[in-house]
Amino acid sequence: MNTNLTLRPICLAGPTGCGKTAAALALAEYLPLEIISVDSALVYRGMDIGTAKPTPAEQAIAPHHLIDILDPLDSYSAAEFARDAQRLAAEILARGRLPLLVGGTMLYFKALFEGLSPLPQADEALRAELDAEAARIGWPAMHARLAEVDPITAARLAPGDSQRVQRALEVWRLSGRPLSALHAEQAKSPGVDWPLLSLEPTDRAWLHRRLAQRFHQMLEQGLVAEVEGLRARGDLRPDLPSMRCVGYRQTWECLDAGDLAPLAERGIAATRQLAKRQITWLRSMPQRQIIDCQSPEASLHVLAAVHKLLA
């Protein structure tokens with residue numbers, strides 16, 4: 001390693017399946033780094049196959065943080081991530097190592113870069129009440145209710161986005177104020193100005209082929225058995241944030257229906273939709289430095305970019 005490098009936190013983002021983990025582990029061969037996961041699914045213990053969690057051997061290459069920190073019954077907010085990531089980055093720098101933030105949960109990156117407005121804490125009793133209402137009338141009708149009290153937030157959410165519709169209604173009922181107004185009026189926690197490298201495909205069809213191949217591989221590795229084990233616990237529900245993760249949600253639904261035949265098609269479609277949303281988020285971050293993830297030398301390009309940022 002070049003001892004003249006000035007260490008600073010660096011972020012590595014990209015859509016699912018673009019090779020972020022491989023690039024990060026390649027960097028670890030040349031730099032004394034620690035990886036901070038920026039992934040809302042990797043935080044959960046017992047969810048390994050469907051999250052494409054780095055294997056124990058891969059995690060042994062460099063220290064990993066914010067992986068396997070929660071039970072699937074728990075939740076983890078973007079605000080919590082932003083606080084934890086900044087604390088961990090400071091601790092890693094104090095050890096004389098490079099904090100490398102790697103992942104594809106764009107809301108986490110947004111919270112990190114822009115800060116977040118302080119909002120009411122989650123209320124499990126109220127969430128259960130909202131879930132019961134949704135079971136009676138459906139989430140599109142809940143979305144219509146949200147449009148009556150917070151049209152700005154409703155306009156940016158899909159009627160079927162149950163998790164975010166629920167949160168917006170929860171904030172309204174807890175505070176009496178629209179979520180959009182709280183975001184606009186309340187002081188934000190400070191964001192960070194850390195460089196962002198983004199692995200992105202030049203050909204969307206290339207990424208789609210990789211995603212299909214990876215989902216089939218997950219099925220071969222035992223995704224269905226993994227979800228069956230989670231269901232067998234008896235305390236998990238399909239509306240929990242953990243079970244809403246792509247792959248787990250579709251598997252749960254197919255198991256409920258007693259028909260696994262459509263699982264591959266549904267899982268691949270949901271993964272493609274996730275990748276599309278991630279790329280849309282990335283395009284809203286003009287500060288990012290794009291690296292072609294289709295290049296056979298993508299990892300070397302990432303290494304060169306990191307060295308330039310640290311020089």
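I looked at helix 12 and helix 13 and found that they pass in a right-handed crossing (right-handed if the near helix is turned clockwise from the far one by less than a right angle, left-handed if anticlockwise). This is a predicted model, where local features need pLDDT of at least 70 and side-chain atom pairs 80 or more, while totals for chains, interfaces and linings use all residues. Residues are numbered from 1 along each chain as its sequence is written, and side-chain values use heavy atoms, without hydrogens and water.

Helix 12 spans 248-257 and helix 13 spans 263-283; their axes are 9 Å apart at about 155 degrees (axes are lines fitted to C-alpha atoms over the stretch in contact, angles run from 0 to 180 degrees between N-to-C directions; helices are DSSP runs, H or I, of at least four residues, numbered from the N terminus). The two are therefore roughly antiparallel (over 145 degrees). Helix 12 brings Gln250, Thr251 and Cys254 to the contact, and helix 13 brings Leu263, Arg266, Gly267 and Ala270 (contact means heavy atoms within 4.5 Å).

Next I checked the domains. The assignment, automatic or from a database, gives domain 1 as 10-116 + 190-310 and domain 2 as 124-185. I get 27 Å between their C-alpha centres. Each side puts 4 residues into the contact.

Last, I looked at helix 5 (124-137) and helix 8 (162-175), whose axes come within 10 Å and cross at roughly 125 degrees. That makes helix 5 oblique to helix 8. I noted this crossing as right-handed too.

How values were computed. Angles under 35 degrees count as roughly parallel, over 145 as roughly antiparallel, 65 to 115 as roughly perpendicular and the rest as oblique.
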